[in-house]
Structures are given as C-alpha cells and as structure tokens.
Amino acid sequence: MRRRQLIALVRKDLRLELRTRETIVAMVLFAIVMMVILQFGFGTRDDDLTRFVGGLMWVTLAFTAVLGVGRSYVAEREQRVLDGLLVAPVPRMVMLAAKAIAILIYMVAVEVVVIPLVGIFFVQGPYWGAIGWIAITALLADICIALAGTLFSGLALFTRARDLILPVLFLPALVPVVIAAAGATHAVAGGPHDMSEWRGYCLFLLGYAILFALVSIATYDAVFDD
Amino acid sequence: MTPSLTTDGPVRLRGERAAIIWGTIATVLVVVSTIGVFLVAPEDADQGIIQRIFYFHVAIAIASLVAYGVACVAGILYLRTRDRRWDDACEASIRIGLLFSVLVVITGSIWAKASWGTWWVWTDPRLVTYLIVVLIYVAYFVLRSSAEDDRKMRYSAIYAIAGFASVPLSFYSVRVAESFVHPVVFTGGGANMPTSMLTWFIMAQAAMVALFIALLEVDLLGRRSERALHMLTIRLERG
C-alpha cells in the first residue's frame, strides 16, 4: 500500500516535470552559467582547473540544489496539491520519501550533464579514470541534499519570504556536504588520488545522510501538522 | 504561572529563587576560575600565556554545545506536549548558545593570531565548522521571525532538532579532514593536559555551564514576568 503511494507520488512529481520541463532544464542552465562564472571568478584564465575540481563542481551543485529544492514544492503550494495530499490517507513519511526521491532524481539528472562537462571544460588531470568514484560521491551527496532539502523546504513552505528563507536555512546545513563531497572529488580527481581520504569523506556523507534521515523521520510529521 | 492580585507583599514569580541561586553560583565560579586560570594554573611550556585562553575557549565551546543540546531536548518536548514553556526554553537556550558560539569563534581567532600569526585559518576544519554552527543557529532566528504563532514554535522546534544534528558533524569533520593545526584537548585516551591544568579547566567548564544555566533562568524569568504583567494588565483593564 505504502509502496504504491510512494510510487504514485514520485510519478506525480516526475510527470509534472516531464510535461513542463521547468525545473531540471533551469537547473542545468543555472549550473553551466555558474561554472562559467566560477571559471572567470577564479581569475586564472587557466585551461586546467584540476586543483579546484572539487570546489568548482560542488559549489555549482550546491547552489543548483537550492534552486531545485526551492522549486520542489511549487505545485503543492500554488496548485493546492498539498491540501489534497494532507486530507488523503497518505502517511507523512511516504510524502517525505517521495519528495526526497524526486529531488534525488532532479539532482542525478543535472549531474549527468554537469559532471562530464566539468571533465571536458575544466580538468586536464586524471578525471575520466575516476568518473566512477565521482559518481558514487555524487550519489551519496545527492542523498544528503535530498533529505536535508526535503525537510528545510517543508519548513520554508509557509513562511514569509520563503524564497529567501530556504537558502538561509538550507545552505549552512549543506556546508558539511560540500566540504566532504568536494574533498572526496578532489581526492580522486584533483591530483593526489588518495582512496583512503575518499573513503573517509564518503563515510562522512553516509553518516550525514543517516543522521538527517533520522531527524526527518522524527520531525516530518510535525512539519505539516496544521 | 500568574501572580495573585491579592498579595500585599512583592509579587513573586516561579523561578525567581532559581535565578538568584544560579546567578550566585555562576558569579562565584567565574571569579574563582578567572583568578585560577590567570594566576594559579601553570604556564604552558610551548605556547606561553596565550594557552590560557584555551581554558575559556574550550569551556565556552562545550557550554554552547550543552545549550544547543538543551534546545534540542526542549524542541522535542515542545513537539510532544505543545507547551509554549518548552518553546521559551528552546529559544532562550539557542540565544545563549549562539552568544557562546560567537565567543568561541572570537577566542579561537585570538588564539590563531597569537599562534599562527593570522586571525583566521581556513585549513582548520573545527574552527570553520564552528562558524557553520553559528550560521545554522543564526538562521534559527530568521526562520522564527518569518513564521507566526503555532507554526513559529513548531518550525523552531524542528529546526532546533535538525540544527543539533549538525553539531556532531562539526566534531567529526576534524577527524575526517585530519587537521594538523588544531590542538585536540580531549582524545579517546583522555584529557591531553597535566592534572594542575585539568583542575582549572574543569573549574572554568563548571563556571561556563553555571553561567549558561543562570542566563537561561534569567531569560525565562523575564519571559514569565512579561506574561504575568500582560495578564495583570488585562485583568486590571477588565476591572
């Protein structure tokens, strides 16, 4: 029963996205513009940004995530979908999981474009050999982003100036994720190729994901307790 | 609790005595530990006088974590009971914890200047992550100011719980990144200092925790007074 509800809610988000193509396209464009700005922002005009690969990728993806997470509840709020969901016999936990999965899928869709672009445009180092490790890092970081993003976007949903509140709440919580994901990416693609460092950062991301999953499970009922 | 209008003597509020007791304990402990830290504790052979800031730097850091822990527990209790007194305790604890955290960053920065010659060291993850903890808890007040009534208290409680979840991440980050600069006072093997220093460190720690409790009691007393005054005004206006 719950699995069917979960699948239905995730399909609802994805179908809406496939019809409008608003969020993912905007996120990809934003990420590309962001990377170009960062390239010039570094002030080096260098063809090889291998040393900065972790930072370049994860600063871009963190801000892109804020954009995506901010859009994730638009239909629920503007089309009053949330009213329908709240009166339907759907456990809050299923709503949380469905929204987290939708955000995770958005992030993976963006990274399918962004991660190869980083390798093509900015990095001359051993990037492609490490693409598998980068993908695992990205998936772990995406789970962290999806869980924290779902909780914080739920909190920001009915506040005044919610578009401003979400980044203020979400970005500080994302900093440890950016530190770990950028560190892990740098460890495998930034020159040193230190697998023990990569493992340490990935375990940190896993710990973050578990912690935020527990916090979300414990508190999400109260977010929509109106 | 609302005070009675029929009393002839001064109106007394619940928690007044606790505020006085904790205020006294905190004052004594702060004075004694300050004298002990600066005049009695031995000077560190390597770092000299600047090491003395660590007695307060670490003690305030731990006291701020206690404050965030209390806020988290108060947040959980608010969500369970919906009693606004827990919301008061949650907000007051975070306010004091934030004040302590800012002091941690400032004292850490002073130590960095004396030890490393620079006010800020980005390669030290613990100091940096402490800054993130400050940013997380500043956002608590932004969230609080942009929601109303029940939602304000509910969202604040949830955020206090989520914010506290970030605190162990702050601690763990130092182990992940393997910082080589930040001295680790407490390790798995125990305290990394001699007994003569540890005594004064414990005293400074007790002083900071007592100071937190005293400030919390005073803050909560202020809120109770405001509410009691509000209730009295309403009753007087009704005649």
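Start with chain B, which has six helices and two strands. Keep in mind that this is a predicted model. Color chain B by secondary structure and walk from the N terminus: the order reads α-α-α-α-α-β-β-α. Of the 239 residues in chain B, 41% are buried. Take the contacts in chain B between residues at least 6 apart in sequence, and 77% of them join residues at least 24 apart.

**Stop 1: a helix pair in chain B**

Select residues 53–81 and 84–116 of chain B, which are helix 2 and helix 3. Their axes come within 8 Å and cross at roughly 160°. An angle over 145° counts as roughly antiparallel, so that is how helix 2 and helix 3 of chain B lie to each other. The crossing of this chain B pair is left-handed. Show side chains where helix 2 meets helix 3 in chain B, and the contact divides into 22 nonpolar residues, nine polar and one charged.

**Stop 2: a loop residue**

Now center on Q47(B), in the loop between helix 1 (16–40) and helix 2 of chain B. For a sense of scale, draw a distance from the C-alpha of Q47(B) to that of Y159(B): the two are 112 residues apart along the chain and separated by 40 Å.

**Stop 3: where the chains meet**

Bring chain A into view. Here 24 residues of chain B are in contact with 28 residues of chain A. Which helices of chain B each supply at least two residues of the side that touches chain A? Select helix 4 (125–145) and helix 5 (149–177) of chain B. The largest share, 14 residues, comes from helix 5 of chain B. By type, the side of chain B that touches chain A has 18 nonpolar residues, four polar and two charged.

**Stop 4: helix 7 of chain A**

Over in chain A, select residues 131–156, helix 7. Its 26 residues reach 35 Å from first C-alpha to last, close to the 38 Å expected at 1.5 Å a residue. Helix 7 of chain A is largely enclosed by the rest of the structure, because 20 of its 26 residues are buried.

Helix 7 passes helix 9 in a left-handed crossing. Their contact in chain A is made up of 21 nonpolar residues and four polar, with no charged ones.

**Stop 5: an oblique pair in chain A**

Finish with helix 1 (residues 2–20) and helix 6 (residues 92–121) of chain A. The axes come within 9 Å and cross at roughly 40°. Helix 1 and helix 6 of chain A are therefore oblique to each other, and the crossing is right-handed.

- from helix 1 of chain A, residues including R2(A), Q5(A), L6(A), L9(A) and D13(A)
- from helix 6 of chain A, residues including V94(A), A98(A), I101(A) and I105(A)

The contact of helix 1 with helix 6 of chain A divides into eleven nonpolar residues, one polar and two charged.

Technical notes: Residues numbered from 1 in each chain as written. Chains lettered and ligands numbered in written order. Predicted model: local features only at pLDDT ≥ 70, side-chain atom pairs only at ≥ 80, totals over all residues. Contact = placed C-beta atoms within 7 Å. Helix = DSSP H or I, 4+ residues; strand = E, 2+ residues; numbered from the N terminus. Nonpolar A, V, L, I, M, F, W, Y, C, P; charged D, E, K, R; others polar. Expected span 1.5 Å × (residues − 1). Buried ≥ 20, exposed ≤ 12 C-beta atoms within 10 Å, placed from the backbone. Axes fitted to C-alpha atoms, helices over the stretch in contact; angles between N-to-C directions. Parallel < 35°, antiparallel > 145°, perpendicular 65-115°, else oblique. Left-handed = near helix turned anticlockwise from the far one by under 90°.
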